[in-house]
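Hi,

Here is the structure I promised to pass on. Have a look at it first, and my notes on what turned up follow below.

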Amino acid sequence: MRTATASAYSSSANLGPGFDTMGLAHDAGLTKISVEFIERSPKVELELNCGNLPTNPSENTASLAVKNVLESQGINGSFRICISNDIPLGLGLGSSGASAAAAVVAIDSLLDIGLSMDEKVNFAMLGETASSGTPHADNVAAAIYGGLVMVESTNPMKVRPLKINRKFSFLTILPHMSIPGKTRISRTLVPSEVSMSQHIWAIRHTSLMVSGFINGDRDALRAGMNDHIVETSRMQMFPFYPEIKKIALKNEAAGVCISGAGPSILVVIDGETDVESILSGAGAVLKSTGIAFSILNSNLAGGAYIPEN
Ligand code: HSE
């Protein structure tokens with residue numbers, strides 16, 4: 001039997017004002033997907049072996065991504081997909097996107113299809129709809145490309161990798177809140193229209209955030225990584241966030257945002273950050289709410305890859 005295996009890292013999407021556009025990959029967690037060709041068959045048949053992930057192929061981001069790749073190539077057959085994931089599920093660290101991304105890289109390698117990077121992002125995004133209901137490419141773009149990315153267009157898919165010119169690393173603060181259907185629900189909270197003044201404010205902050213990363217300018221990043229549209233609309237789901245953000249910025253975090261659709265918080269840190277004070281302050285806030293939590297340290301990660309045996 002032929003098998004291909006691929007891995008993809010966790011990611012944080014949005015980065016404050018960059019809803020559905022900005023993302024970065026970090027090594028807070030890793031997903032590994034194996035796709036095995038079982039036999040020829042007159043249609044696409046997918047079997048899932050997933051631990052605690054959905055095993056219905058239409059509800060699983062990896063199998064939906066594989067199905068889309070196979071259908072686009074007119075390939076039928078019976079395949080087994082095995083998922084081993086250590087990215088915390090449903091907490092905004094891109095676990096579903098990483099599964100979709102690794103699955104696309106694995107099936108591309110197994111069948112020697114030769115998809116381009118942006119085609120891989122596109123198929124992974126289609127897989128991601130199993131989790132979020134609507135396609136968004138920010139997590140999968142980060143998972144496929146690695147590093148910091150901007151999604152320039154989704155039709156046709158076009159992603160711009162951006163270089164970060166400073167040694168930043170990350171704390172991810174993970175409140176252990178299980179909210180079934182969280183990404184779908186939190187996307188319904190986002191307003192469908194904004195005023196011109198909100199639009200101007202958002203452009204200003206997105207520009208600051210991007211320039212902060214690419215110029216290695218921590219002051220610009222601190223000022224830019226703020227959002228009053230999407231994060232504010234979702235705040236009812238994460239009432240602890242403003243206090244934790246205040247503590248992190250007071251202790252010289254280089255930027256703080258909700259990671260993707262939350263509830264995790266991404267804190268960008270560098271040599272000027274008082275990490276210990278952030279850990280104890282954030283811990284005290286979460287303890288006072290009675291929510292269990294964990295905090296992971298991570299670094300910028302590379303894109304989805306085929307691991308050596
Ligand atoms: N941009 C997406 C959202 C990311 O905020 O809904 C979900 O991980």
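First, a definition: a salt bridge here is a side-chain nitrogen of Lys or Arg within 4 Å of a carboxyl oxygen of Asp or Glu. By that rule, a search of the whole structure finds 12 salt bridges. One of the pairs links distant parts of the chain: R187 sits in helix α5 (residues 182-188) and D20 in strand β2, 167 residues apart. (Helices, H or I with at least four residues, and strands, E with at least two, are DSSP runs numbered from the N terminus.)

Before going further, the ground rules. You are looking at a predicted model, where local features need pLDDT of at least 70 and side-chain atom pairs count only at pLDDT 80 or more, while totals for chains, interfaces and linings use all residues. Residues are numbered from 1 along each chain as its sequence is written, and side-chain values use heavy atoms, with hydrogens and water left out.

Now the layout. The protein chain splits into domain 1 (2-162) and domain 2 (169-298), with bounds from an automatic or database domain assignment. Their centres, taken over C-alpha atoms, are 25 Å apart. Counting contact as heavy atoms within 4.5 Å, 30 residues of domain 1 touch 35 residues of domain 2. Together the two domains bury about 2300 Å², 65% of it on carbon and sulfur atoms; buried area means the accessible area (1.4 Å probe) that two parts lose on being put together, summed over both. On the domain 1 side, P17, F19 and L91 lose the most area to domain 2, together 27% of what that side buries.

In the R187 and D20 pair, the closest N and O atoms are 2.7 Å apart.

Both of those residues turn up again at the ligand. Its surroundings (residues with a heavy atom within 4 Å) include D20, R187, R234, H136 and N139. A polar side-chain atom of D20 lies 2.6 Å from a ligand nitrogen, and one of R187 lies 2.7 Å from a ligand oxygen. R234 has a side-chain N or O atom 2.8 Å from an oxygen atom of the ligand.

The peptide bond from N155 to P156 is cis, with omega near 5°, and P156 is in the loop between β5 (148-154) and β6 (157-162). G262 and P263 are also joined by a cis peptide bond, omega about 5°.

Cheers

Note on methods:
Polar contact = N/O pair within 3.5 Å; in protein donor to acceptor, adjacent residues only side chain to side chain.
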